[in-house]
Amino acid sequence: MSNSPFPFSSSGFSQFESGYNSLIENGKAIAGERMQEKSDMEDWRDTESFCIKYGFSSQNTVEELPVGPEAQSQRRIQHQLSPSNLNIRVLPADQRMQDMTNIEVVRTGKFLSQARELTELFLGGHSSQFKRFRPEEVRNMNYKPCAAIQKLSTEKIMRIAGERFIEFSSQKFININMLVHPYGSALSHLTSEEKQDVELAQLLLAAAEKVSCQHYDRANKLLTQCELTASNTGSPAQRAIFYFAEALRMKIDRETGRSSPKRNKEKGNHDACCSPLRYNVAFLALHQEIPFTQIMHFTAVQAILENIERKSKVHVIDLEMRSGLQWAVLMQALAEEGTSPTKHLKITAVETADREGVEETGKSLQSFARSLNLQFSFKVVFLSDIEDLQAEHFDILPEEAVAVYASMALRTMISRPACLETLMRAMRSLNPSVMVVAEVEANHNSPCFINRFIDALFFYAAFFDCLEDNMKREDQYRMIIETLAFREGIHNILAAEGSERTTRSVKIEVWRSFFAKFGMVEIQLSEWSLYQAHLILQQFNCGSSYLLEMNGNCLLVGWKGTPIHSLSAWKFH
């Protein structure tokens, strides 16, 4: 008998795999970022006061001096680009692993199955023997290096561009040709592509400044020059600039009341070619190549396992059901003979949009549970509006241990404060054993446009850079992820305002302030969870480039020093 908390074997996966593949064929297995219903939105001023009340708008502010809007905008950019505000740092791999060398694994003899092989079982299906790691092996782990040649990161490209923009903000520069550029010689140590990327980023920053000052004609001229070189198939910087320039164009159109037939036609073609089916498959390819979701899944499941108090009945409430991959992990851990007293697992999914897709996921989970001889029940709480949610929807039994999982769900409600408060009151009344929260670790909620622009630029620069080092430029799945998920997020952050701006991620410090209002206390993730996270990274190329560190009791996962996701566990007191 295996001692692993996740004793995966090839037996039993075939049935789940069959059901899971059928979900992919129907294009419903993996839900993308779901926008909340826009009807009955709160007035924008109410939303702003709510954000201020709970710290959702907390941001380093710049004292405004009595000068013109253009000077104020330049000052904001300079303030936002300062290293102290960006808080971006790169930790050497040996320093990141320093704490791990002294870890005492408290659950001796329990080892993690390789996360990559789990994914392959879901996607391709093969019966290989899983390797087990002894705890002491973590001390000798070497992260797999990137195959890519050493080059400037996209974050560094943006930083150099920001420094140059500040330095030469008093000069007029609209010529992208580096040979006549007033400071082209200062970039002589860079490659041709890097020089071009820096200059493109400078043009983008200049355009953003003009947009913030409502100098739309000048902004359009700068964006026209950006578009001459920016490309959604080029370097990661060029790709990011392409979508940011596109978002600035959209903001200008909205602010001026103009509409571009060409862009409307492009949007229609884009929507037609990027079907839900193709997006689902692209998401799975990303799951295989980038460890973010695997780390979040395994750490979340481990936190739930450690907080359900060895109850015979476990009830998991999923606030944003997607693929259900993490619940297959939980099922196999609960079904292991001799280590878990749990006899029945119940999962309730809260859904406001794709009821049929979630029900199909439930059927696949049912099939997998039968293969493990685990008693399982699945329910969908379908609501037209999350504001209608009540504790009575969940049918909690006295003997059940309740765990709540909120993965990328809460951020979609920041623009709808009544919904977020309703949800949190309902969760508090359930008094779950644990609530695990996975969120985007970024500040995309500043009411100041230029602050939002800079924060989003560095966040997405890191994400585009991560894909560059792990997927080929021409990879069709990478193109779909960037064209759908990244593009949509960038557009919503920059071009939308008021209740339409639903992409409002905030950092863990802001969530802590908000959760404290509901009597929530952050609990520590176990050393075993951290051990598993490092083991997962060891399976991936470029493992040393990933950020994996603690912010208090919260796990941060990111790329080259830039946080991308956070995962934390909470109890109600």
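Mentor: Before we turn to this predicted model, one convention is needed: two strands are said to pair if DSSP finds at least two bridges between them.

Trainee: With that in hand, which strand is joined to strand 5 by 6 bridges, and in which sense do the two run?

Mentor: Strand 5 is joined by those 6 bridges to strand 9 (residues 562-572), and the two run antiparallel; within this pairing, the bridge partner of Met435 is Trp570 of strand 9.

Trainee: In what sense does strand 5 pair with strand 4, and over how many bridges?

Mentor: Strand 4 (residues 400-407) and strand 5 pair in the parallel sense, over 5 bridges, and Ser407 has Ala438 of strand 5 as its bridge partner.

Trainee: How should I read the side chains of strand 5, and which of them point which way?

Mentor: The general idea is that in a regular strand the side chains alternate between the two faces of the sheet. Here Val434, Val436, Ala438 and Val440 point one way from strand 5, while Met435, Val437 and Glu439 point the other way, and all are buried. Since 7 of the 7 residues of strand 5 (residues 434-440) are buried, the strand is largely enclosed by the rest of the structure.

Trainee: What should I look for in a helix, and which residues of helix 15 are buried?

Mentor: An α-helix has 3.6 residues a turn, so residues three or four places apart point the same way. In helix 15 the buried residues are Gly357, Val358, Glu360, Thr361, Gly362, Ser364, Leu365, Ser367, Phe368 and Ala369. Helix 15 (residues 355-371) has 17 residues and reaches 25 Å from its first C-alpha to its last, close to the 24 Å expected at 1.5 Å a residue; it is followed by Asn373, whose phi is positive, near 55 degrees.

Trainee: Finally, what average pLDDT does the protein have, and what share of the residues score at least 70?

Mentor: The protein averages a pLDDT of 76, with 68% of the residues scoring at least 70. The pLDDT is below 50 over residues 58-66, a stretch with 21 contacts in the model beyond near neighbours in sequence, and also over residues 86-140, where the corresponding number of contacts is 134. Where pLDDT is low, the predicted coordinates should not be read in detail.

Definitions and conventions. Residues numbered from 1 in each chain as written. Predicted model: local features only at pLDDT ≥ 70, side-chain atom pairs only at ≥ 80, totals over all residues. Heavy atoms only, no water. pLDDT = per-residue confidence, 0-100. Contact = heavy atoms within 4.5 Å. Buried < 20%, exposed > 50% of the residue type's maximum accessible area, 1.4 Å probe, protein only. Helix = DSSP H or I, 4+ residues; strand = E, 2+ residues; numbered from the N terminus. Expected span 1.5 Å × (residues − 1).
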